[in-house]
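Please open the model in your viewer and keep the selection panel at hand. The tour below goes from one selection to the next and says what is there.

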Amino acid sequence: MSQKPNVVFVFADQFRRQATGFGGETNIQTPHLDCLASESIDFVNAISGTPVCCPARASLLTGQYPHHHGVIINDVPMDPNAETMGKLFSKAGYDTGYIGKWHVNANGRSSPIPVDRQHGFKYWKALECSHDYNTSHYFEGSSTVMKTWEGYDAIAQTDDAISFIKSRKKDSPFLLTLSWGPPHDPYETAPQQYLDLINEDMIVLRENVPASEADKARTLLKGYYAHILALDECLNSLMEALDEESLADDTILVFWSDHGDMLLSHGELFKQRPWEESIRVPLLIRFPRRFGPRGKQPPAFINTPDILPTLLGLCDIDIPESIDGTDYSTYISEYITASDSPVSSANENKAPADCALLACQSPFGQFTREVGGREYRGLRTSRYTYVRDLDGPWLLYENDSDPYQLTNLAKDDTKNELIKELDTQLSQKLAQHDDALLPGIELLKKFHYAGDVDETGTMPFFDEWNPA
């Protein structure tokens, strides 16, 4: 193939892996996501290491961990001079586009984002942040005229992405990023046609949802699932457009989410927590020309900062030294070769990482100290989840025998040797990434946010934009 592959990067906000058919969901069907998974590299151990919006998005765009890019809490700005996805692909000759939610500018959630902070994305229809999916606004390019998506914004944004694909320059590869707001709460605002498909009383809860929260959890899940059903059909429309344009074989199609959603597992809501529902996300990479038509499930752990260098590797674009993450493109190819070979085993293909680093640099927002929020660092390995806070070991789960993480072994004296071993491994991982478990205020001071956050450690923000 003489021309570099196209890239269509689709991601949803707060979409946990467990809510997909290929991730084990039984309450709803996600046929189009499941079809994509059957044709993709499905990273079953994809982790959102800092599972909250702005830190994860900045890690996606820069390939860096939050303690390096500085976006350690929501509503603080990403460095406008950073080497980022849009800039790197643009410099490599790609037409670049971004549609949907941005949330790394931090100058008001409804304010226009200047071109010099659009980070190399030339086609631009985005808003900093909104969760009003039925009256959703955006700004186009350098314009400061606020426009409104018609109807449910994910559908309108998908239609716009399809228009971008169909009107592309035929002689240039393109990178298109489509950033959906759902299924992030508010859950009840999903289109009625999808809400009507779900019988709330029949929802089967995960085993770690307390009985006292069962009714509330089912109500929340009904809306969450309805959003997902809508997104599943949006994804199908996008895949059909790639087929109609004869682009599917030579396009890297990625589906990902910035973090998961607790939805009252362990009695917890939302994200930022180090439990499975919060940290495990879908990551599907389909590239038929290189990977073939049949899906694979490599066991490697892949974290958010690894996504950008992997895409750069797949597109034969130089990876700058600023990037912390690892390029998994060679690993994927070798894994496929080993999987398809009758004389070798995929297990012989050594993964770039055997665990993923988990972190909350500074608690804030929906994970304040009042609701149990804390600074932590941890590891998700093939068998264990181990998390240390400022006071020492906090969580230890044996995930094979306890997949719902019902028994915390961190205070079990019979596990002291295991805890010591995992704690040493965690310290090595932190040293590898030049990280340290410090009080959040220290990092807030380092990045000059300490004087701006409120008493909970949260950055105040404003939603309304006044052009005057």
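For the angles quoted on this tour, an axis is a line fitted to C-alpha atoms, for helices over the stretch in contact, and an angle runs from 0 to 180 degrees between N-to-C directions. Please bear in mind throughout that this is a predicted model.

With that in hand, select helix H10 (residues 307-314), which lies across strand S1 (6-13), S9 and S10, and runs at about 175 degrees to S9.

Now show the strands themselves. They belong to an open sheet of nine strands with mixed pairing, and reading across the sheet gives the order S2-S10-S9-S1-S8-S4-S5-S6-S7. Strand S2 (41-42) and strand S7 (147-148) are the edge strands, each pairing on one side only. In general, the strands of a sheet pair through backbone hydrogen bonds, in either a parallel or an antiparallel sense. Zoom in on strand S9 (residues 251-257) and strand S10 (residues 283-286), where the pairing is antiparallel and extends over four bridges; if you pick Phe255, you will find that its bridge partner in S10 is Leu284.

Next, select helix H2 (residues 53-62). Ten of its ten residues are buried, so this helix is largely enclosed by the rest of the structure. The buried residues include Cys53 and Cys54 as well as Arg57. Step on to Gly63, which follows H2 and has a positive phi, near 70 degrees.

The cysteines deserve a selection of their own. How many disulfides does a search of the whole structure find? The search finds zero. Cys355 is in no disulfide, and the nearest cysteine sulfur, that of Cys360, is 19 Å away. Cys355 is buried, with a relative accessible area of 5%, and Cys315 is also buried, with a relative accessible area of 1%.

Definitions and conventions:
Residues numbered from 1 in each chain as written. Predicted model: local features only at pLDDT ≥ 70, side-chain atom pairs only at ≥ 80, totals over all residues. Heavy atoms only, no water. Buried < 20%, exposed > 50% of the residue type's maximum accessible area, 1.4 Å probe, protein only. Helix = DSSP H or I, 4+ residues; strand = E, 2+ residues; numbered from the N terminus. Pairing = 2+ DSSP bridges. Contact = heavy atoms within 4.5 Å. Disulfide = S-S within 2.5 Å.
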